[in-house]
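Please open the model in your viewer and keep the selection panel at hand. The tour goes from one selection to the next and says what is found at each stop.

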Amino acid sequence: MTITITNNPEKHRYEAHLDGQLAGFCEYNLLSNAVMFTHTEVLPAFEGQGVGSQLARHVLEEARAQAMPVIPACLFIAGYIRKHREYLDVVQPASLRAFHIN
């Protein structure tokens, strides 16, 4: 199975498709100086297949590539950053303490 992740700016979310079916998404709001990730969801039929982790990794890599600081309001994204500290550099400094990532 192949997971494909694309940005859907009209819906303000990144979407993960597994073999052509929507498997999950990560919603965001673009701010003037950061991107705020607000909600990540994996559809029940696709849970336990790594969709959420791949979404998190993808959106954080995209933010890094665009030099856009991240505000991880989404509990899943904040938790992913806590476990994968190599993404600390993309988190907006004021957000580290606010989302208990320090």
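A residue is called buried when its relative accessible area is under 20%, exposed when it is over 50%, and partly exposed in between, with a 1.4 Å probe and protein chains only. The model is a predicted one, in which local features need pLDDT of at least 70 and side-chain atom pairs count only at pLDDT 80 or more, while totals for chains, interfaces and linings use all residues. Residues are numbered from 1 along each chain as its sequence is written, and side-chain values use heavy atoms, with hydrogens and water left out.

Begin with the whole chain in cartoon view. The protein has three helices and five strands, which follow the pattern β-β-β-β-α-β-α-α along the sequence; helices (H or I, at least four residues) and strands (E, at least two) are DSSP runs numbered from the N terminus. The C-alpha trace spans about 40 × 30 × 20 Å along its principal axes, and buried residues make up 39% of the 102 residues.

Now select arginine 13, which is found in strand S2 and counts as buried because its relative accessibility is 11%. Its side chain is joined to that of glutamate 15 by a polar contact of 2.8 Å; such a contact is a pair of N or O atoms within 3.5 Å, where within protein one must be able to donate a hydrogen and the other to accept it, and residues adjacent in sequence count only if both atoms are side-chain atoms. Arginine 13 also lies over the face of phenylalanine 25, at 4.3 Å from the ring centre, the rule being that NZ of Lys or CZ of Arg is within 6 Å of the ring centre and within 35 degrees of the ring normal.

Next, show the aromatic rings. Rings of Phe, Tyr and Trp (its six-membered ring) pair if their centres lie within 6.5 Å, and planes under 30 degrees apart count as stacked, over 60 as edge-to-face and the rest as tilted. By this rule the count comes to two aromatic pairs. Tyrosine 14 and tyrosine 28 form a tilted pair, 5.4 Å centre to centre with 50° between the planes; because tyrosine 14 lies in strand S2 and tyrosine 28 in strand S3, the pair ties together parts that are 14 residues apart in sequence. Tyrosine 14 counts as buried at 7% relative accessibility, and tyrosine 28 counts as buried at 5%. The rings of tyrosine 80 and tyrosine 87 have their centres 6.1 Å apart and their planes at 40°, so this pair is tilted.

Which residues of helix H2 (residues 75-83) are buried? They are Ile77, Ala78, Gly79, Tyr80 and Ile81, and what covers them includes strand S3 (21-30), strand S4 (35-42), helix H1 (51-65) and strand S5 (70-72). Select isoleucine 77: leaving aside neighbours within four places in sequence, it is in contact (heavy atoms within 4.5 Å) with Cys26, Phe37, Thr40, Ala56, Val59, Leu60 and Pro72.

Finally, look at the largest nonpolar core, which has 27 residues, with Phe37, Leu60 and Ile77 making the most contacts inside it. A nonpolar core is a set of buried Ala, Val, Leu, Ile, Met, Phe, Trp, Tyr and Cys residues joined through side-chain atoms within 4.5 Å. H1 gives the most to this core, with six residues.
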